[in-house]
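Good morning, colleagues. Please take a moment with the sequence and the structure before I turn to how the two chains meet.

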Amino acid sequence: MAEMSRQRPVARPGTMRLVDAVKYRLPVAGWVSILHRVSGGLMFVLLPFVIWLFDLSVSSEASYDGFTSVFAAGVGPFAPWFLKLVCLALIWAYLHHFIAGVRHLWMDATHSVSKSQGSFSARLTLLVGVLLTLALGAKLFALY
Amino acid sequence: MSVNYGSKRTVVGAHYGLRDWLSQRVTAVLMAIFTVVLVVQLLMPGELGYERWAGIFAAQWMKLLTLVVFVALAWHAWVGVRDIWMDYVKPVGLRLVLQVATIVWLVGCTGWAVQVLWRL
């Protein structure tokens, strides 16, 4: 028996790879978490685009006109709708990252980390992020 | 030197990973405060054209606050992006290249932001 117990199980799982992660069903807090990472990565990659827009918007009266024409006429090969879509993605990324971050700080400060509270605050994070994105996106696409 | 990898790694002890955890939260709070300060100024009455928008950032205190927040942003992004590389990129050489590129990217962006702010 002692010999038997020392034997390794036959199907020993190896190191988990990134592709294995997609086989798991993510709970809603898991979605908030991975989207926190995705939104952060997106803003990191597009940081020069944001600074470029900021540069245009504040540098001079003339550059400000250039800034508004980015969204009216486009820039180079990029159509205005595409640039607005990129900005919409950035708006969502900022809002989601912000709210998910505040959720983290809230949990750090209050230690309220029960399953039901975590699930509720995760749903709230996703919902508020999307609703505010829709509200600001409607403004961006001049719906009001 | 204590082992920080494998099955014998040190997982407890003073300040184990605390610095990154804390700096990411402190920088996050700074950025959140900045966001509120900016939104409050944007919601002030009056038409929002070039004059008012540039005027917000022309004030010396706002310039300095924006600078501090941008440095906080770079630091925050460094901790976060480095976490991404450490989680998904295992070859040490490639990881080092990506980490160096991340620092170059963030320092470059910070320099540009400084230039934009003090040209105002």
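Predicted model: local features only at pLDDT ≥ 70, side-chain atom pairs only at ≥ 80, totals over all residues.

**The interface between chains A and B**

Between chain B and chain A there are twelve residue pairs in polar contact, both residues being at pLDDT 80 or more.

Which elements of chain B supply two or more residues to the side that touches chain A? They are the helices α1 (18–42), α2 (50–58), α3 (60–88) and α4 (92–119) of chain B. By class, that side of chain B comprises 23 nonpolar, four polar and five charged residues.

In overall terms, 32 residues of chain B are in contact with 23 residues of chain A. The area buried between the two chains is about 2,400 Å², and carbon and sulfur atoms give 71% of that area.

Let me turn to the charged pairs. The count of salt bridges between chain B and chain A is three. One of them joins the side chains of B:Arg119 and A:Asp55, with an N to O distance of 2.5 Å.

Finally, I would like to consider one helix pair. Helix α2 of chain A, residues 28–45, and α3(B) have axes that come within 10 Å and cross at roughly 115 degrees. The crossing of α2(A) and α3(B) is left-handed. On the α2(A) side, the contact is made by A:Ile34, A:Arg37 and A:Phe44; on the α3(B) side, by B:Ala77, B:Val81, B:Asp83, B:Ile84, B:Asp87 and B:Tyr88. Sorted by class, this contact has six nonpolar and three charged residues, and no polar ones.

Methods: Residues numbered from 1 in each chain as written. Chains lettered and ligands numbered in written order. Heavy atoms only, no water. Contact = heavy atoms within 4.5 Å. Buried area = accessible area lost by both parts, 1.4 Å probe. Salt bridge = Lys/Arg side-chain N within 4 Å of Asp/Glu carboxyl O. Polar contact = N/O pair within 3.5 Å; in protein donor to acceptor, adjacent residues only side chain to side chain. Helix = DSSP H or I, 4+ residues; strand = E, 2+ residues; numbered from the N terminus. Nonpolar A, V, L, I, M, F, W, Y, C, P; charged D, E, K, R; others polar. Axes fitted to C-alpha atoms, helices over the stretch in contact; angles between N-to-C directions. Left-handed = near helix turned anticlockwise from the far one by under 90°.
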